[in-house]
Amino acid sequence: MLEKSPQHHRRNGTGFSSLAEGILELLASGQAATRTELTALLGAAPSTVSFAVSQLLAHGLVAEEGTVSSTGGRPRKVLRLGGSDGYAVAADIGGKHAHVGVIHPGGALTDVSTVPFATADGPEAALPGLVETLQALVDQHGPELLRGVGLCLPGPVDVEPGLVTLPARMPGWNRFPVRDWLEERFAVPVAVENDANCMAVGEHSVRPAEHRQSIMVKAGSGIGAGIIADGRLYRGATGGAGEITHARVEAAQDTPCSCGNTGCLETVASGAALVRILRERGHAVSSTEDVVRLAVDADPEATRAVRQAGRYLGQVLSANVNFFNPDAVYLGGILSTLEPFVAAVRSQLYEGCHPLVTQHLVIERTSLGADAGLMGAGQFALQRALAMAMQAVSGERR
């Protein structure tokens with residue numbers, strides 16, 4: 001999702017480019033397929049949308065195929081991306097594994113698998129193996145149809161240069177030029193994004209169009225959040241929107257956090273915190289997966305710890321939900337697979353939020369599950385490819 005609204009760019013003199021990007025974005029994600037749907041979602045005048053579509057049709061970036069019936073009017077022409085037989089490959093990077101797959105325009109996801117990925121070994125050691133995996137997918141689907149590559153990373157991402165900045169659990173990755181490194185090898189546009197933002201975009205693309213405001217929380221070894229505001233990803237002034245993991249929690253007291261402060265949410269509610277807490281209580285656990293296995297087996301200590309982590313997360317989320325008033329809060333990451341965790345978050349939100357805010361609030365697990373980040377990464381890749389194509393179109397118009 002583009003982080004600025006079409007209205008913002010029209011006020012700043014770049015209306016066509018921004019509106020065209022919005023149209024391509026909605027068609028790529030499958031959220032719209034007709035001029036009427038585009039008009040409703042973009043909040044622009046029908047004549048303005050029709051003009052932008054006509055320009056995109058003329059440049060081959062959009063095509064028409066068939067019609068759909070409408071109530072009380074003539075059939076509407078269905079729009080799709082030009083050359084929509086193309087695709088993107090994407091990878092969602094975790095601590096020890098990478099989730100990979102192929103994303104097609106319109107939101108179809110295929111060839112999904114999970115492969116080993118040693119994040120802690122650093123990018124120069126870990127990335128070549130991932131390139132081999134993605135290249136195999138490219139060879140299978142046709143190199144000539146590859147439009148872009150998407151990478152979802154578990155750390156703060158500076159989107160413009162496409163690199164990670166000051167990650168807590170990614171030794172050797174700080175400021176490594178990930179996007180440039182991958183573009184040299186694939187010779188197509190590469191998009192690099194934070195995992196929670198990828199999940200937010202991926203989940204938003206399959207949710208009802210009327211859900212324009214949402215918070216996606218990834219609860220795994222760490223905690224992150226992605227924000228959808230007015231139907232578009234909101235990154236904030238410096239790209240730090242959604243960093244709830246470093247909100248102060250009274251129960252954390254002076255527990256040191258990886259950010260250098262003490263008392264952060266991450267120190268009491270993340271998977272890494274649960275590993276530490278359970279080890280202090282005598283359990284032989286070394287990963288978040290170990291914690292999950294214990295909780296699934298109804299281990300009392302693990303279940304209590306997981307439930308308490310959900311309460312702490314719910315406390316921090318309550319303040320954000322009261323402030324933002326979203327349509328939905330989606331929970332993803334491995335901890336969201338545990339019912340005690342989800343129930344505790346939900347209970348705390350209902351207890352800590354104003355009734356007006358929770359009146360129609362949806363609180364549930366991501367419907368895409370582990371594929372949410374992969375879907376978002378692929379969409380970012382397709383959108384970056386389209387944006388570069390739009391630059392060429394804008395150059396022709398000048």
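Student: What is a nonpolar core here?

Tutor: A nonpolar core is a set of buried Ala, Val, Leu, Ile, Met, Phe, Trp, Tyr and Cys residues joined through side-chain atoms within 4.5 Å. Buried means under 20% relative accessible area, exposed over 50%, and partly exposed in between, with a 1.4 Å probe and protein chains only.

Student: And what kind of model is this?

Tutor: This is a predicted model, in which local features need pLDDT of at least 70 and side-chain atom pairs count only at pLDDT 80 or more, whereas totals for chains, interfaces and linings use all residues. Residues are numbered from 1 along each chain as its sequence is written, and side-chain values use heavy atoms, with hydrogens and water left out.

Student: What is the mean pLDDT of the chain?

Tutor: The mean is 89, and 92% of the residues reach 70 or more; pLDDT is the predictor's confidence in each residue, from 0 to 100. Over residues 1-14 the pLDDT is below 50, although this stretch has 35 contacts in the model beyond near neighbours in sequence. Contact means heavy atoms within 4.5 Å.

Student: Back to the largest core. Which residues touch the most other members?

Tutor: V217, L313, L317 and F341 do, out of 39 residues in that core. Helix 11 (300-324) is among the elements that give two or more residues to this core, and helix 11 gives the most, with nine. Helices (H or I, at least four residues) and strands (E, at least two) are DSSP runs, numbered from the N terminus.

Student: What does L313 contact, leaving aside neighbours within four places in sequence?

Tutor: L313 is in contact with V217, I223, I244, L265, A269, F341 and V345. A second, separate core of 32 residues includes V115, L151, V164 and F176.

Student: New topic: in what order do the strands of the open sheet run?

Tutor: The five strands follow the order 12-11-10-13-14, with mixed pairing; two strands pair if DSSP finds at least two bridges between them. Strand 12 (232-234) and strand 14 (362-365) are the edge strands, each pairing on one side only. From one strand to the next, the twist averages 25 degrees.

Student: In what sense do strands 10 and 13 pair?

Tutor: Strand 10 (residues 214-219) and strand 13 (residues 328-332) pair in the parallel sense over five bridges. In this pair, S214 stands opposite A328. Helix 12 (residues 339-352) packs on the sheet, touching strand 10, strand 13 and strand 14, and its direction makes about 170 degrees with that of strand 14. Axes are lines fitted to C-alpha atoms, for helices over the stretch in contact, and angles run from 0 to 180 degrees between N-to-C directions.

Student: And V362, where is that?

Tutor: V362 lies in strand 14. V362 and V329 are 33 residues apart in sequence, yet 6.1 Å apart in space, C-alpha to C-alpha.

Student: Is S270 buried or exposed?

Tutor: S270 is buried, because its relative accessible area is 1%. Its place is in the loop between helix 8 and helix 9. A polar atom of the S270 side chain lies 3.1 Å from the backbone nitrogen of A273.

Student: Last one: where is C198?

Tutor: C198 is in helix 7 and is buried, with a relative accessible area of 0%. Not counting residues up to four places away in sequence, C198 touches C152, E193, A372, G373, G376, A377 and F380.

Technical notes: A polar contact is a pair of N or O atoms within 3.5 Å; within protein, one must be able to donate a hydrogen and the other to accept it, and residues adjacent in sequence count only if both atoms are side-chain atoms.
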